[in-house]
Each structure stands twice: as structure tokens, then as C-alpha cells.
Amino acid sequence: MMSLKTVISTSGSGCLQAIRHYGKHNKKFLYKDGQRYGNIIYYPRTPDHQDPPVEPAKLFRVQRIKPVKGNPYWEKRLLKELGLDGKQGDFTVVKNIPENNARLWKIKHLIQVTPITFPHGEPTENDIKHTWLKENGECIVTKEIGPVEDRIKSLESFEKDPKRLDTDLLKRDSRMKWQNPW
């Protein structure tokens with residue numbers, strides 16, 4: 001807390017001089033409603049505040065966003081171990097385990113970490129060919145769609161349609177318009 005003392009100067013001029021004292025505040029007194037989670041003390045805004053349940057991601061998408069040049073050898077070594085020593089936009093997928101998290105923490109200023117989510121369920125071995133990973137961390141799995149009778153019928157009717165624009169017709173038409181523009 002700040003206390004303000006007024007002291008009359010003894011220099012004989014009789015002017016007032018203000019002196020401020022910044023004392024140490026008592027953290028236990030100011031922050032007494034904290035909840036301990038391991039080594040971390042959390043201070044909620046309201047006493048009845050409950051955090052929503054969080055399911056941690058199983059995988060991280062790690063992308064290098066800063067250049068390697070000018071960094072110490074241990075950071076370059078960690079980037080090489082993760083496979084991020086190539087182009088700057090390259091990314092890799094890393095398991096969410098304490099060993100990898102410690103590595104990522106050491107190079108956190110060089111990378112961008114995005115948790116991978118599976119909005120349509122986790123892929124199986126058969127779905128690997130039909131899976132792609134977006135930049136926001138969504139892993140999209142598309143199932144293979146077999147032939148549908150309606151699609152086959154519509155394809156046949158489209159191919160038999162005389163008004164259909166095929167490549168030969170388009171070439172002839174564009175050539176005619178090129179030769180006779182007016």
C-alpha cells in the first residue's frame with residue numbers, strides 16, 4: 001500500500017515536500033481466494049465459478065513460423081528432430097505427451113501449435129486415403145461413397161443429351177467465333 005508522508009524541510013525555506021513510500025503488498029491478504037491445482041494457484045472471478053470440462057487433444061499440428069537462421073544450435077536441433085528444418089511453412093503432427101510438450105515449450109517462439117480435432121470421428125486404417133488436415137487443426141474424414149443408382153442414371157442421361165456441350169462442340173464454336181468475330 002502507498003502511504004504519503006509530508007515532511008517539512010529543514011532547509012529553512014519552510015516548503016512542504018511529499019515523500020511516497022511503496023511498501024510490499026501482502027499477497028496472502030490480497031489474493032486469499034485462490035484454488036490450488038498442483039503447483040498453480042488459480043484465482044476465479046467469482047467464488048462459485050466452475051471451469052468447463054476440457055478434453056485435451058491427442059495430437060498437435062506444429063508449424064514453423066519463424067526462420068531457423070540466427071537461433072542457437074539447441075533450438076535448431078529440436079526443429080530438426082521434429083522435422084521442421086525445411087521450409088518455413090512446413091508442419092508436422094506430434095503426440096500430446098509430456099516429453100514432446102517440453103520440446104515444444106523450448107521452441108515456442110519459433111512455432112505455432114494447433115490442437116487437432118476430429119469433428120467426424122477419428123479415422124481408421126481404411127480411411128487414411130480419405131483424410132486431410134486443415135490449417136485450423138480439423139482432421140476431416142470423408143467416407144468412400146459407392147455407386148448410387150440415381151447418379152448412374154443421371155450420368156447416362158447427360159451423356160445422351162444432344163444439347164450437351166462437349167469438347168468438340170466447344171472447340172468448333174470458339175474457332176468459328178475467333179475467325180469471324182463480327
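These legends describe several close-up views of a predicted model.

**View 1. The open sheet of three strands.** The strand order is β6-β5-β7, and the pairing is antiparallel. β6 (91-95) and β7 (111-115) stand at the edges. Each has a single partner strand, so one side of each is left without a neighbour in the sheet. On average, neighbouring strands here are turned by 30 degrees against each other, direction ignored.

**View 2. Strand β5 and its two partners.** β5 covers residues 59-64 and pairs with β7 over five bridges, in the antiparallel sense. Five bridges also join β5 to β6, and these two strands run antiparallel. Individual residue pairs can be picked out. Phe-60 stands opposite Pro-115 in β7. Gln-63 has Gln-112 as its bridge partner in β7. On the β6 side, Val-62 has Thr-92 as its bridge partner. Five of the six residues of β5 are buried, so the strand is largely enclosed by the rest of the structure.

**View 3. Helix α3 against the sheet.** Helix α3 takes in residues 98-106. It lies across β5, β6 and β7. Its direction is at about 25 degrees to β5.

View 4. Lys-58 forms a salt bridge with Glu-122, and the closest N and O atoms are 3.0 Å apart. Lys-58 lies in the loop between β4 (40-42) and β5, while Glu-122 lies in the loop between β7 and β8, so the pair ties together parts that are 64 residues apart in sequence. Lys-58 counts as exposed, because its relative accessibility is 56% and the cut-off for exposed is over 50%. Glu-122, at 47%, counts as partly exposed. A search of the whole structure finds five salt bridges, and this pair is a salt bridge too.

**View 5. A salt-bridge network involving two helices.** Arg-77, Glu-81 and Arg-103 are linked in a network of salt bridges. Within it, the side chains of Arg-103 and Glu-81 meet at 3.9 Å, N to O. This pair links distant parts of the chain: Arg-103 is in helix α3 and Glu-81 is in helix α2 (residues 73-82), 22 residues apart. Arg-103 counts as partly exposed, at 33% relative accessibility. Glu-81 is also partly exposed, with a relative accessible area of 44%.

**View 6. Glu-135 and its surroundings.** Glu-135 is found in the loop between β8 (131-133) and β9 (139-141). At 66% relative accessibility, Glu-135 counts as exposed. Not counting residues up to four places away in sequence, Glu-135 touches Arg-61 and Thr-114. The C-alpha atoms of Glu-135 and Ile-116 are separated by 9.5 Å, and the two residues are 19 residues apart along the chain.

**View 7. The salt bridge of Glu-138 and Lys-134.** The closest N and O atoms of Glu-138 and Lys-134 are 3.6 Å apart, and the two residues form a salt bridge. Glu-138 is partly exposed, with a relative accessible area of 25%. Lys-134 counts as partly exposed, at 35% relative accessibility.

View 8. Leu-165 is found in the loop between α4 (149-160) and α5 (167-179). Leu-165 counts as exposed, at 58% relative accessibility.

How values were computed:
Residues numbered from 1 in each chain as written. Predicted model: local features only at pLDDT ≥ 70, side-chain atom pairs only at ≥ 80, totals over all residues. Heavy atoms only, no water. Pairing = 2+ DSSP bridges. Helix = DSSP H or I, 4+ residues; strand = E, 2+ residues; numbered from the N terminus. Axes fitted to C-alpha atoms, helices over the stretch in contact; angles between N-to-C directions. Contact = heavy atoms within 4.5 Å. Buried < 20%, exposed > 50% of the residue type's maximum accessible area, 1.4 Å probe, protein only. Salt bridge = Lys/Arg side-chain N within 4 Å of Asp/Glu carboxyl O.
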